[in-house]
Amino acid sequence: METPRENLPAHASVIVIGGGVMGCSTLYHLARDGVSDAILLERNKLTSGTTWHSAAQVRALRSTRNLTDLVRYSISLYSRLEEETGQQVGWINKGSLSIATNEDRMVHVRRQAALAGLFGMQADTISAGEAAERWPLMNADDVVGAVWAPDDGRVSPSDLCAALVKGARAGGTRIFEDTGVTGILTEGGRVVGVETDRGTVRCDAIALCTGLWSREAAAMAGSEVPAWPCEHFYLLTKPVDGISGNLPTLSDHDGHLYIRDDSGGLLVGCFEPMGKPVDPERIGHDFAFQLFPEDWDHFEPMMHNALHRLPCLQTAEVKMLLNGPESFTPDGSFLLGETAETRGLFLGCGMNSVGVATGGGAGMALAHAIQHGAPPADLHEADPKRFDSSVNSAAALTARAPEALGRHYEIAYPGRQWTTARNLRTLPLHDEWVAQGAHFGQVFGFERPFYFGKTGEPVLTFGRPDWFDQVRAEVTAAHEAAGLTELSSFGKIDVAGPDALHCLEAVCTNRIDRPVGSACYTLMLNHEGGIESDLTVFRLGTDHFILMVGTNALKRDLSWFRNNCPQGADVTTSDVTTDFAVLGLSGPDSARIATAVGADWMNGIGYFRHQEGRIGDVAVRAARLSYVGEAGWELTCAAGDAKALFAILAAEGVVPVGAFAQTAMRIEKGFLAYGHDLDTDVTPQMAGLEFALATDKDFIGKVALGRHSEPATRLISLSFEDESAVPLGNEPVLAGGRIIGKTTSAAFGHRVGRPVAIALVESGAVIDGCAVEVNIGGELVAARMSVAPLFDPLGARMRQPRVAQAQSKVMSKVM
């Protein structure tokens, strides 16, 4: 007799949809935190989508400390779950070995080892001979070195989920298998429940952990999930002589391979240079514990690499070539957090083949975000709001996802760009920049000029970049004559209504109630005092404002403002980014140019003021602002008038300036960029931005700032002694042989004639002019600290502390 199925509850505070590792981990952590009425709905059986066939490598080191900490948390959780639940998880801690077969890869792995030291991990650079000793079956003839990470390991994915579910059930939560979600209910832009093939359940929040089906599932709630499936391959052999017990995971990234033992044989997986996308309709809704057919033709190049690295494969007996789908996002990073479109809908999906490795920590972070509104630490790299809608089309994802898979093991050269799904959005002056010889990069879907005047694709390197001379020429033009930069991709948010000022005063840290025609640099903080955004507010009228935000920040900032306005406020907000073009005119010749084009009225505009007028027949709003440390204006006009405005200015000999030159100049000037120098883990006091805090009013985060009055770390500037040094950012900074911080942004400062950086270092170690060392790819390079900007166009008399200098800052942008 069949056991009666348990009835669904009428209400659950949180509904987790999807029973893979992310869903199981999220439910486990909700239960651990006391959310005992949470439920998990799985359309088939637990792990039946992607998790069950995962190779389940757990390698801790990632590109940032917080992403790394998620995996370190996973390792800690996996190593203790069996004792906690009595369920085996198959945790095997044998470390990982990453080999290099060329000098650029060696620089890459040395940078990884330096990061590990920065993050407090053990990762040792070892010789080719030592690597061969750790993996005797490996052909090491072409290996030039390696990095050994002893804390890494692997786990049994199905057993792991069983343990997580056992722990979740012990906390009172329930799991409903064979329960398909057919709809997501929303009211007023917020989730209120789900419809299933067994009935309706009301809820307060949803954790969408639906793996391959996440894009379709999110669409039921009116939200976007830019994730697309690709085929993923690994080879399994029968037992091989020479394998006894467990070996470290071997990563041959130059060969696009990962290798480990498996039941006495070998598992050889790959992230080939260009993957195979999968039409979601091919997967369908009933795809469970299934695989795709073997594809030896596609795998053949990787098999050739594997035969070179492992000669024993010549005689090994193949068990199978596993081909299972995985989902990939347009930038290769996963999605974790609340969506921009629907309140209460939280994503834990698009895992890019790191679901098991990250799942323990990511499930913890997602559960925290559901309960507290944000993850426990900054995870902007995983924020679902980082993508523009243009990348969510089937065409864009079909093109980009295979490249994202292929970049899994790519050398992280500075300046590398995506080659697929390009020209999704163009700037109003795109054709003019093409004619000027621009080399473009993609930012939030926009094609932005990075530099000008060099034909062909650049040669990527960790040394002096291929575009060095072009950027120097652009900086020189902006410094000695006049440069012109298109800033049209910056987000523009129109805020209007009787309560517009009231809302802005509540959400922004600076005093917004200034005369019409004012521009104000301000911050938006979270309730813990961390920086959610930095932006510029332009007052157009008594109840009318424009917020200028970073290109990548538009969705995040618009959501934050809307979600944190006082309840019931009479205010409207809209994205008007593409309605307007913005051109930055800067340099000592800009005043002459204004007069020459009949716009002498611009020369009378005060600093941080804006005024409407005409340049020729074009109506413009000129704001006395600059992000590059040179005098000038930001000129806003209707997008359709941008070409006419450009023609007028170009006739006066302005030189186009790209994003790389902007970055170099803003670092020299000590201006900060969100996503590099600023994030939610950084407070105004750490960044020297106290001037943007109005002490005579209340705003979100103000109460928490009292806890941060003496920050443990501070942002400062660094100048390098060696002109040939090439800092990139995210490098350890040392004093007296001890790590005291890291670089956050870096470039060559063409106006000061040396490499420069911004760094976040221990406050107690900050001594103006003090010598430090920076670990650049394993080489210690001398630098000096500066508490003032390294460059100011007005000379030494203006070299004041960063707080004073920062008042000329316009806004931060993610390049």
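**Entry 1: glutamate 403**

I began with glutamate 403, which counts as buried at 4% relative accessibility. I note at the outset that the model I am reading is a predicted one. I placed glutamate 403 in helix H10, which covers residues 394-406. I then looked up what its side chain reaches, and found the backbone nitrogen of threonine 419 at 3.0 Å. With neighbours within four places in sequence set aside, I listed Met274, Gln417, Trp418, Thr419 and Thr420 as the residues in contact with glutamate 403. Glu403 also belongs to a network of salt bridges, together with Arg400, Arg407, Glu410 and Arg416.

**Entry 2: salt bridges**

How many salt bridges does the structure hold? I recorded 44, and examined some of the pairs one by one.

I took aspartate 69 and arginine 72 to start, whose side chains meet in a salt bridge at 3.5 Å, N to O. I found both residues in helix H2 (residues 65-85), where they are three residues apart, or about one turn of the helix. Aspartate 69 has 31% relative accessibility and so counts as partly exposed. For arginine 72 I likewise noted 31% relative accessibility, which is partly exposed.

I turned next to aspartate 254 and arginine 105, a salt bridge whose closest N and O atoms are 2.8 Å apart. Which parts of the structure does this pair tie together? I located aspartate 254 in the loop between strand S13 (249-252) and strand S14 (257-262), and arginine 105 in helix H3 (residues 103-118), so the bridge ties together parts that are 149 residues apart in sequence. Aspartate 254 is partly exposed, with a relative accessible area of 22%, whereas arginine 105 is buried at 3% relative accessibility.

Glutamate 231 is buried, with a relative accessible area of 2%, while lysine 276 is partly exposed at 24% relative accessibility.

**Entry 3: the second largest pocket**

I then read off the second largest pocket, which holds about 960 Å³ of space. Of the 39 residues that line this pocket, I noted Gly373, Ala374, Pro375, Glu532 and Trp560 as the closest to its centre. Strand S11 (199-208), strand S18 (335-338), helix H9 (355-372) and helix H14 (554-564) are the elements that give two or more residues to the lining.

Which element gives the largest share of the lining? I found that H14 does, with five residues. I sorted the lining of the second largest pocket by class and recorded 13 nonpolar, 15 polar and 11 charged residues.

Definitions and conventions
Residues numbered from 1 in each chain as written. Predicted model: local features only at pLDDT ≥ 70, side-chain atom pairs only at ≥ 80, totals over all residues. Heavy atoms only, no water. 1 Å grid on protein atoms, 1.4 Å probe; cavity = no way out; pocket = protein on both sides within 12 Å on 5 of 7 lines; lining within 4 Å. Points joined across faces, edges and corners; volume = space filled by probe spheres on them. Helix = DSSP H or I, 4+ residues; strand = E, 2+ residues; numbered from the N terminus. Nonpolar A, V, L, I, M, F, W, Y, C, P; charged D, E, K, R; others polar. Salt bridge = Lys/Arg side-chain N within 4 Å of Asp/Glu carboxyl O. Buried < 20%, exposed > 50% of the residue type's maximum accessible area, 1.4 Å probe, protein only. Polar contact = N/O pair within 3.5 Å; in protein donor to acceptor, adjacent residues only side chain to side chain. Contact = heavy atoms within 4.5 Å.
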